[in-house]
Amino acid sequence: MATTTQPAGIGTASGDGAQVASSIARLITDAPVPHPTLLKTFGAMMAREFRVLGRNAPSTFIRAVMQPLLFAFVFAYVLPKIGSGFGTGAGAASGLTFSTILVPGLMGSMFLMQGMFGTTMPLVMEFSWQRTIEDRALAPVPIRVLAIQKITAGAIQAFIGAAIVFPVVYWVHAPGQGPHIDVTSWFLLAAVMVFSSTLTASMGLWLGTVVDPRKMQMVFAVVLLPLTMLGCVYYPWSALHVIRWLQILVLINPMVYMTEGLRAALTPSIGHMPLWAIMLALVGGTAVFGYLGIRSFRNRVVG
Amino acid sequence: MITATANGRNSVPAGPPAAKAAIRTEDLRKTYKSSRGDVEAVRGIDLDIPQGEFFGLLGPNGAGKSTTIGMLTTLVHPTGGRAWVAGHDVTRQPVAVKRRIGVVTQNNTLDMQLTVAENLEFRSRFFGLSKGVAARRAAQLIDAFGLSDRKNAMADQLSGGQGRRLMIARALVHQPDVLFLDEPTAGLDPQTRVNLWDILKVLHAQGQTILLTTHYMEEAEALCDRIAVVDHGKILAEGTLDKLLAEAGAETIVTVRYEQPVPDGLAERAGLADRPGVTKVETDGDQLRVFSGDPEGLLGDLVNIGAANGLHVRDATEAKPSLETAFLALTGREYRE
């Protein structure tokens, strides 16, 4: 009885140490047995992306919605209201509103923005001085699977970013200036949207792994701006026939095929390039940039 | 120049990995190509580490320790030799190796966009644990590593010591066969360092195989069963602390630095090598260094010998046998941390 009170203090002190030691020891003795498979690891990595996206949802949403909102406001509301000459080109001649031409173009530029930002910016962070990429690189899958996961995550962001354009242009326009959308084939629309997403995300992976992070701002200016401005956003590709050299030159711009593909799927009343050329460029471009991106990603991760 | 006493490498592994080896390497090499010439970071390292051992790679910064760990953990591609971890070839079976290792890198690779608990949960799920099991494992690790009051904090809000504990916890989620720790206590305060040592000792007592790199001699002395002293990409000596000291550092090293250069032949004329207990005498510019098992009176004699030859003493040191004297004996250089 006398012994119960005296050693209590000592007992607690040494008991704490012993307790910590035993809980550390239990980490080894009571460990669950892991059974990783490619699919489970890939799924867990995607779940991690969605957790982060969800946490950053407000800023992600604002980033995604600002561009189409402002574009639609200026081109489909302000300009028609003040009666500028805008929209009197090929579209207006055939009785189309400018917003009809703008929807595919705007979606195309959203693919590019969201796909490249969504893939490249996280990579720049992960390859910076702390190399947090090593955390994911130690997961029990080949490095190329990690690269494919990065493309998948970026493509999903691009897809969502482009889809946001629909509600925005439906609501934001001057009276009578709404877009005339006529989905000829949902299958074609889905195919164009999916491969436009994978193409921009693959380009993002490649850029994010070959460009020095310190020069990323410059690269965005040199790559993103010309691709967007010369991506047939504000006019269909066929309208460029009056400037023949430019019509041929822009064929190297992947974005042209996205906007033209969307025109084929959404606004068939406007002329578009042949479907085979569009799909070849979107699928082939994904394959080429995917291959280059995965290869340079592996070289960056494994020294 | 020192021609080191018996070089501690007595076993050169050959052939396929023995069943019980946790880590085995054969002439492992890494040369980084660059436009300014090639850099040989690791120049032929042989290791044979059995399961359950706490093994230390000790060496100064830039010795090639991190590159070696990089190769063993599949994140650096060897340019020569071979390595097996948990029985799997690191170059040919990297996924099998990654399944069986836990790695605590020197840089902070915590997922800064996730909370403490999420860092552990997602890592568990990367290793195939279901959502529920992953959450339980995370809770168990958070409790054991004393992070309960920080479990909902974002990873970038942790202190240095908390971050390091979380990284060790994260490396243990899937019960790895081998735990790699690259400079785990670098930059931590002494109290935090000792706390981490206690954790590592308990893990080792439970049979966890651990490979640790460190540039702190006292860390290697306090923790490791066996130590390999590494510098310039090579193992200079390897063995238990006692063996290293017996082979390389059992003598006290007396160093006297004079204000003038030591004349050629002075050590021979003074008969220093013939004194009882002396194993080696070295002249190095203005320094005279004597390795002796019987250092009694040696320091005074060196001062007198100098004085008789017109040399004034600038400073003098007497280093007792330790890893530090072993390092000095092996490399001919002061240990630089």
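This is a predicted model: local features need pLDDT of at least 70, side-chain atom pairs count only at pLDDT 80 or more; totals for chains, interfaces and linings use all residues.

Which hand, left or right, does the crossing of α8(A) past α14(A) have? I looked it up, and it is right-handed. For the term: a crossing is left-handed if the near helix is turned anticlockwise from the far one by less than a right angle, and right-handed if clockwise.

Residues are numbered from 1 along each chain as its sequence is written, while chains are lettered from A and ligands numbered from 1 in the order in which they are written.

**The helix pair**

Two packed helices are described by the angle between their axes and the distance between the axes. I found that the axes of α8 (residues 143-163) and α14 (residues 275-301) of chain A come within 9 Å and cross at roughly 125°. Axes here are lines fitted to C-alpha atoms, for helices over the stretch in contact, with angles from 0 to 180 degrees between N-to-C directions. That makes α8(A) oblique to α14(A) (under 35 degrees is roughly parallel, over 145 roughly antiparallel, 65 to 115 roughly perpendicular, the rest oblique).

Next I checked who meets whom. Ile143(A), Arg144(A), Ala147(A) and Ile151(A) of α8(A) meet residues of α14(A), among them Gly290(A), Gly293(A) and Phe297(A). Contact means C-beta atoms, placed from the backbone, within 7 Å. The classes: Ala, Val, Leu, Ile, Met, Phe, Trp, Tyr, Cys and Pro are nonpolar, Asp, Glu, Lys and Arg charged, and the others, Gly among them, polar.

**Chain A as a whole**

I count 14 helices and zero strands in chain A (DSSP runs numbered from the N terminus: H or I of at least four residues for helices, E of at least two for strands). Its radius of gyration is 26 Å, well over the 19 Å the globule rule gives for 303 residues, so chain A is more spread out than a compact globule. That radius is taken over C-alpha atoms, and the rule is 2.2 Å times the number of residues to the power 0.38. The C-alpha trace spans about 105 × 40 × 35 Å along its principal axes.

**Over to chain B**

Chain B has 11 helices and 14 strands, and 45% of its 337 residues are buried. Buried means 20 or more other C-beta atoms within 10 Å of a residue's own, exposed 12 or fewer, partly exposed in between, with C-beta atoms placed from the backbone.

I picked out Met71(B), in helix α1 (residues 65-72). Met71(B) counts as buried because it has 27 C-beta neighbours inside 10 Å. Arg29(B) is 42 residues from it in sequence, yet 9.1 Å away, C-alpha to C-alpha.

I also looked at Ala41(B), in strand β2 (residues 39-50). Ala41(B) is buried too, with 23 other C-beta atoms within 10 Å. Beyond four places in sequence, Ala41(B) touches residues including Lys30(B), Tyr32(B) and Gly233(B).

**Where the chains meet**

The contact takes 38 residues from chain B and 34 from chain A. On the side of chain B, α4(B) gives the largest share, six residues. I sorted that side into 16 nonpolar, 15 polar and seven charged residues.

Note on methods
Two residues are in contact if their C-beta atoms, placed from the backbone, lie within 7 Å.
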